[in-house]
Amino acid sequence: MAFGALLAVALAGDVLGHGVDDRTRAYLVGVEGLQVGPFLYIGAKHMVTGYDHLLFLFGVVFLLDRLRDVLLYVTLFTVGHSTTLLLGVLAQLQVNAFLVDAVIGLSVVYKGFDNLGGFGALSGGRPDPRLMVLAFGLVHGLGLATKLQDFDLPGEHLPGNLLAFNAGVELGQILALSLMLVITGLWRGHASFQRASLATNTLLMTAGVVLIIFQLTGFFMEVR
C-alpha cells in the first residue's frame, strides 16, 4: 500500500532530471544573502518529494519494530548524508549526478534484497546493516550535494544556507519517517504484513533497478 504510492511517484517523476523543479531552480539561480527560511523549505521539500531517498528509508524501517533500532539506523543515515551534503558542496567535489543517483538506486535494491534475507541465502551471512546504511547515507548526501552544485550559490553565506538546507532535509525526513512508521506499525499487527513482505520487498528491488536503468540511460545520453 505505502510502497505502491512511493513506486508510483518514482515512476511518474522525471527520473532523468536532477530533482529540482523549475520554480526552485529559478529561486536558487538568483538567491542572495543568508536565506534560512527558504532553504529550510527547499530542503524539506526535496526530501519529501525525493522518491529515491524515501524508497531507501522505507526499506530501512520496514522490518524494524523497536524504536531504538529505528533511531539507530536513522541516525546513521543522517550522519552519512549530512556529512557528504556539506562537504560535497563546500569542497566542490565533482561527481556525475547520474552516476551518484544510480548508486542511490542500488541502495534501494540492496535494502529490498537484505530484507528478503537474500545475503544469508547466498552466503550464509550478510553485510553489517549498520555500516551499509551509513555508507549509503554518504552516497545519498552526495546526491543531494550534486543538486546544489548546479547553481552558483553565493560563497559568503553558503555555509549558513547549506546548514538551513540540511536542517530542512532533516525536517522532511522526520515527516516522511513518521508517516512510514505509523503505516508499517499498524500494518505489522495484521497477518497480511508477513504475506505481503515478499511482494513489497521484491517491488522495492524492482523500483531500485528501474532507477538504476533510468540514471544510467541519462548518463550515457549526457556523454554522447
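Axes here are lines fitted to C-alpha atoms, for helices over the stretch in contact. The views below come from a predicted model.

**View 1. Helix α3 packs against helix α4.** Their axes lie 5 Å apart, at an angle of about 60 degrees. From α3 come His46, Met47, Val48 and Thr49. They meet Tyr51, His53, Leu54 and Leu57 of α4. By class, five of the residues in this contact are nonpolar, three are polar and none is charged.

**View 2. Helix α4 crosses helix α9.** Here α4 covers residues 51-61, and α9 covers residues 158-188. The two axes come within 10 Å and cross at roughly 40 degrees. That angle makes α4 oblique to α9. The crossing is right-handed. On the α4 side, the contact is made by Leu54, Leu57, Phe58 and Val61. On the α9 side, Gln173, Ala176, Leu177, Met180, Leu181, Thr184 and Arg188 take part. Eight residues of the contact are nonpolar, two are polar and one is charged.

**View 3. The largest nonpolar core holds 44 residues.** Phe56, Val133, Phe165 and Met180 have the most contacts inside it. Elements giving two or more residues to this core include α3 (36-49), α5 (67-90), α6 (97-115), α8 (129-149) and α10 (191-223). The helices α4 and α9 also belong to that group. With nine residues, α9 gives the most.

**View 4. Phe56 and its contacts.** Neighbours within four places in sequence are left aside.

How values were computed:
Residues are numbered from 1 along each chain as its sequence is written. This is a predicted model: local features need pLDDT of at least 70, side-chain atom pairs count only at pLDDT 80 or more; totals for chains, interfaces and linings use all residues. Side-chain values use heavy atoms; hydrogens and water are left out. Axes are lines fitted to C-alpha atoms, for helices over the stretch in contact, and angles run from 0 to 180 degrees between N-to-C directions. Helices (H or I, at least four residues) and strands (E, at least two) are DSSP runs, numbered from the N terminus. Angles under 35 degrees count as roughly parallel, over 145 as roughly antiparallel, 65 to 115 as roughly perpendicular and the rest as oblique. A crossing is left-handed if the near helix is turned anticlockwise from the far one by less than a right angle, and right-handed if clockwise. Contact means heavy atoms within 4.5 Å. Ala, Val, Leu, Ile, Met, Phe, Trp, Tyr, Cys and Pro count as nonpolar, Asp, Glu, Lys and Arg as charged, and the others, Gly among them, as polar. A nonpolar core is a set of buried Ala, Val, Leu, Ile, Met, Phe, Trp, Tyr and Cys residues joined through side-chain atoms within 4.5 Å. Buried means under 20% relative accessible area, exposed over 50%, partly exposed in between (1.4 Å probe, protein chains only).
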